[in-house]
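This report concerns a two-chain model and the contacts within it. Please consult the sequence and the structure shown below while reading.

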Amino acid sequence: MAETHSLQDLRQAAVASKVFVQRDYTSGTICKFQTKFPAELESRIDKVQFEETIQTLNNLYAEAEKLGGRSYLEGCLACLTAYTIFLCMETHYEKVLKKIAKFIQEQNEKIYAPLGLLLTDPIERGLRVVEITIFEDRSIGSR
Amino acid sequence: MHLGVEEPIRECQYNQICTHNSSPMDTPHIKKKKNKRKWQVFPGRNRFYCNGRIMMAKQTGVFYLTMVLILVTSGLFFAFDCPFLASNLTPAIPAIGGVLFVFVMGMLLRASFSDPGVLPRATPEEAADIERQIDANNGPSGPGYRPPPRTREVLINGQTVKLKYCFTCKIFRPPRASHCSLCDNCVDRFDHHCPWVGNCVGRRNYRFFYLFILSLSFLTIFIFAFVITHVILRSNRTGFLSALKDSPASVLEVVVCFFSVWSIVGLSGFHTYLISSNQTTNEDIKGSWSSKRGKGNYNPYSYGNFITNCCAALCGPLPPSLIDRRGFIQPDTPQPATQTNGTSACPPNQVQSHMAATNPLLHSQPVILGGGPPLQAKTSLGGPCSTMGPPQPSLPSSIPGLSCGGELMALRDSEIHCHHHLHHQHFISPEETPSPPAPLPCATHLGHHVHPTQLFDPVSQDSLHEDSVRGLVKLSSV
């Protein structure tokens, strides 16, 4: 498959540099990343595409942390069962995190790896940054 | 003779292998080649049990005291008072008592054993990236040039909030996060470090802590009321003194409950107020959102009405732990840079940072109590956090006119440090701003702050600060 082949190429490629997209705290403490386009990526990827990726990520995190009927219900139920219910089922947040992991993998396979970039799931960096690894161009197969 | 010399050496080596490669529950001879789990190289000053499932602070003595007090008092109640009450009043009394007791213990263990919301430290590349950005912002510095404090300003809901740079964790702390000097971690939505619970109280375990003190208030009042009832009923039959002779445990229970009810109920009330206004203990002490600071000062995190604030704090989504204690270390995973102290001895249950150097000043420095250049003291804030503690009422710090005995030093950005011997055992960890001290006389309201100019190099300030803080903690802890 072309996608996995390019991902494997990436693993052998040399890392040129890493770009870090920081958190955006203007809406409070919710998890949100800045959509500002980093200068180092200008030659590699389309600005609109990048912003779309980050925006989707932000929306997913907002969904995870949303306060609403569902989260209250989950919280109350958990309290009543002395939080033993989480031994059997996942929290809503964890479910969304899995969705996010899948989304990032898809984005890497379809969009970023062919361009010589790799997104790292923010949860592996403590939800502080979105780490984008830029690989050197020459190691990627013919375009 | 030869063997005699070799034996101790062999023993040392055996111990080293034991602590490096095995978790507390594994036997040493099996796991030599196994990958380490992340908790084994965790850079903070925490203790891990059950192969990383349980996480606590380093000093857990007071936590065991809490457990003993609750268990003993409740045990005496169920053993001595409940049989009488069940047969003479109603068996619902031990039943309700039992439910309350189980709930209290459950919440205590949950608050003590969970990850409070520790923020993992920055990887070396991240740290380098941030340094580059800071240098770019500040410009080059010549010799003798004082680097400006590393802060970023963010506008949140109309309020300007300063994000501070943590020199230990090498990150800009998110809003409401704070660095706990006892555990040497940055904790998200840091409330306080509670020695009674043996852990920090932060975003992930605040609700357990609150439910713990709330249910403990009910349990204490419950036991107190029914022990009194028991003694009165007995006295009606046999006279007061023989009632006491028949049930000696009741006296102990009454004494314990009487002295703890004030502090625990007061603490519950204080935290109820904090929850309803969506503040942390840290913010309340500093008066971050107090209207006394300025006319337009308000809490940008509050949802407006107290019901939403309560629901958000207690029933909101619980974020998962960010530190992945039980994951295996991948050989190519970047490990965060550590610069903290860590003891070089590794008892099986305790994993300190293997990588960090031992800080020689750590346990030996006398406390800088008064005079001299006091660096940063510990804030001791009212009220024992949980059970039957010292007989001091827990006063919400926002009550004006609260006086602190001892020396009060107010530092930049409203870090308030107060030496108390009387008051509470909560330690609010001062944040790591590189600000030198300007000792002030004790102000009646804990909201004053000054802005001294900066004199110290931040990194050495950091380690000095840790030491003084630890020294202070040693003096003022139970």
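Is Asp188(B) buried or exposed, and what is its relative accessible area? In this predicted model, Asp188(B) is buried, with a relative accessible area of 14%. Its salt-bridge partner is Arg203(B), at 2.9 Å from N to O. Arg203(B) counts as partly exposed at 27% relative accessibility. Asp188(B) lies in the loop between strand 8 (185-187) and strand 9 (192-194) of chain B, and Arg203(B) in the loop between strand 10 (199-201) and helix 5 of chain B, so the pair ties together parts that are 15 residues apart in sequence.

**Salt bridges**

Over all chains, the count comes to 17 salt bridges.

| Glu126(B) | Arg128(A) | 2.8 Å |

Glu131(A) and Arg125(A) are both buried. In the pair within chain B, by contrast, Glu153(B) is exposed at 51% relative accessibility, and Lys162(B) is partly exposed at 36%. A network of salt bridges links Lys18(A), Arg125(A), Glu131(A) and Glu125(B).

**The interface of chain B and chain A**

Chain B contributes 38 residues to the contact and chain A contributes 29 residues. Together the two chains bury about 2,600 Å², with 66% of this area on carbon and sulfur atoms. Glu126(B), Cys315(B) and Pro317(B) supply 21% of the area that chain B buries against chain A, more than any other three residues. Glu126(B) also forms a salt bridge with Arg128(A).

On the side of chain B that touches chain A, at least two residues come from each of helix 3 (92-113), helix 4 (124-138), strand 4 (151-156), helix 5 (206-238) and helix 9 (306-315). Helix 9 of chain B gives the largest share, five residues. By class, this side has 26 nonpolar, four polar and eight charged residues.

**Chain A**

Chain A has four helices and three strands, in the sequence pattern α-β-α-α-α-β-β. Of its 143 residues, 46% are buried. Its accessible surface comes to about 7,400 Å², and 54% of that belongs to carbon and sulfur atoms. Among contacts in chain A with a separation of 6 or more, 61% are between residues 24 or more positions apart.

Note on methods: Residues numbered from 1 in each chain as written. Chains lettered and ligands numbered in written order. Predicted model: local features only at pLDDT ≥ 70, side-chain atom pairs only at ≥ 80, totals over all residues. Heavy atoms only, no water. Contact = heavy atoms within 4.5 Å. Buried area = accessible area lost by both parts, 1.4 Å probe. Salt bridge = Lys/Arg side-chain N within 4 Å of Asp/Glu carboxyl O. Nonpolar A, V, L, I, M, F, W, Y, C, P; charged D, E, K, R; others polar. Buried < 20%, exposed > 50% of the residue type's maximum accessible area, 1.4 Å probe, protein only. Areas by Shrake-Rupley, 256 points an atom, 1.4 Å probe, with all protein chains shown as cover.
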